[in-house]
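Have the viewer open as you read along.

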Amino acid sequence: MANSKRAQETFDRFHEIGIIPVVVLNDAKDAIPLGDALMKGGLPAAEVTFRTAAAEESIRQMAKTYPDLLVGAGTVLTRDQADRAIDAGAKFIVSCGYDPDIVQYCLDKDIPVCPGTATPSEMMGCIRQGLDHVKFFPAEPSGGLTMIKAITAALVNLKIMPTGGINATNVVDYLKNEKIFCAGGSWMVKKNLIEAGEFDQIEAKVKEAARIVRDVHEGRL
């Protein structure tokens with residue numbers, strides 16, 4: 001089963017952006033200034049984790065204000081959360097683990113979904129459902145790039161988004177691997193910076209992350 005056109009376009013965009021900021025928002029008032037910092041900084045994407053009460057409204061505001069921002073929902077655990085995120089404008093769904101029911105629910109709605117996996121068995125389950133792009137979480141505690149190389153040597157058509165323990169130092173090695181279609185990270189959008197309103201600092205960190213992506217894609221790193 002091939003990706004739908006919508007899913008393939010979304011994953012191609014993920015690859016182009018390179019690093020997907022993983023965002024925790026406790027107050028929806030921070031959504032628009034954060035979206036502004038992401039757009040100006042050069043990483044026009046946000047995985048807004050659905051673990052706070054402000055997530056749904058934050059997605060709604062970011063999606064409405066910045067149509068070119070690839071905003072989606074992370075840590076989606078239930079169908080209800082998926083529906084609320086999609087209704088708010090989420091363009092993709094990410095989970096921290098592999099739930100076949102959530103995956104199928106998103107596939108039936110033609111919503112790009114990237115479930116969290118940490119083992120070959122979970123990845124094979126995703127493949128059986130027709131997926132070829134998965135999240136590897138938590139990446140560093142689960143063996144990092146060494147584990148990814150070992151697994152993808154067998155599961156040769158699988159593309160991976162490592163998330164968890166990714167930072168400005170180790171992201172280069174991840175992005176240089178051909179099996180990695182993007183990486184998820186929060187170091188440029190730390191919760192304390194958001195809550196302090198330090199959006200200039202966030203923009204600067206986002207610009208540095210975007211530079212890393214460009215340097216990797218253009219072969220300078």
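## Helix packing around H4

H3 passes H4 in a right-handed crossing, where right-handed means that the near helix is turned clockwise from the far one by less than a right angle, and left-handed anticlockwise. This is a predicted model, with local features needing pLDDT of at least 70 and side-chain atom pairs pLDDT 80 or more, while totals for chains, interfaces and linings use all residues. Residues are numbered from 1 along each chain as its sequence is written, and side-chain values use heavy atoms, leaving out hydrogens and water.

Helices are DSSP runs (H or I, at least four residues), numbered from the N terminus. Axes are lines fitted to C-alpha atoms over the stretch in contact, with angles from 0 to 180 degrees between N-to-C directions.

| Pair | Angle | Axes |
|---|---|---|
| H3 (residues 55-65) and H4 (residues 79-88) | about 25° | 8 Å apart |
| H4 and H5 (residues 100-108) | roughly 30° | within 10 Å |

H3 and H4 are therefore roughly parallel to each other (angles under 35 degrees). In this pair, Glu 56, Ile 59, Arg 60 and Ala 63 of H3 meet Arg 84, Ala 85 and Ala 88 of H4, contact meaning heavy atoms within 4.5 Å.

H4 also passes H5 in a right-handed crossing. There, Arg 79, Ala 82 and Asp 83 of H4 meet Asp 101, Ile 102 and Tyr 105 of H5.

Elsewhere, Glu 203 sits in helix H10 (residues 199-217). Glu 203 counts as buried, with 17% relative accessibility (the cut-off is under 20% relative accessible area, 1.4 Å probe, protein chains only). Leaving aside residues up to four places away in sequence, Glu 203 touches Ala 37, Lys 40 and Gly 41.

Methods. Helix = DSSP H or I, 4+ residues; strand = E, 2+ residues; numbered from the N terminus. Parallel < 35°, antiparallel > 145°, perpendicular 65-115°, else oblique. Buried < 20%, exposed > 50% of the residue type's maximum accessible area, 1.4 Å probe, protein only.
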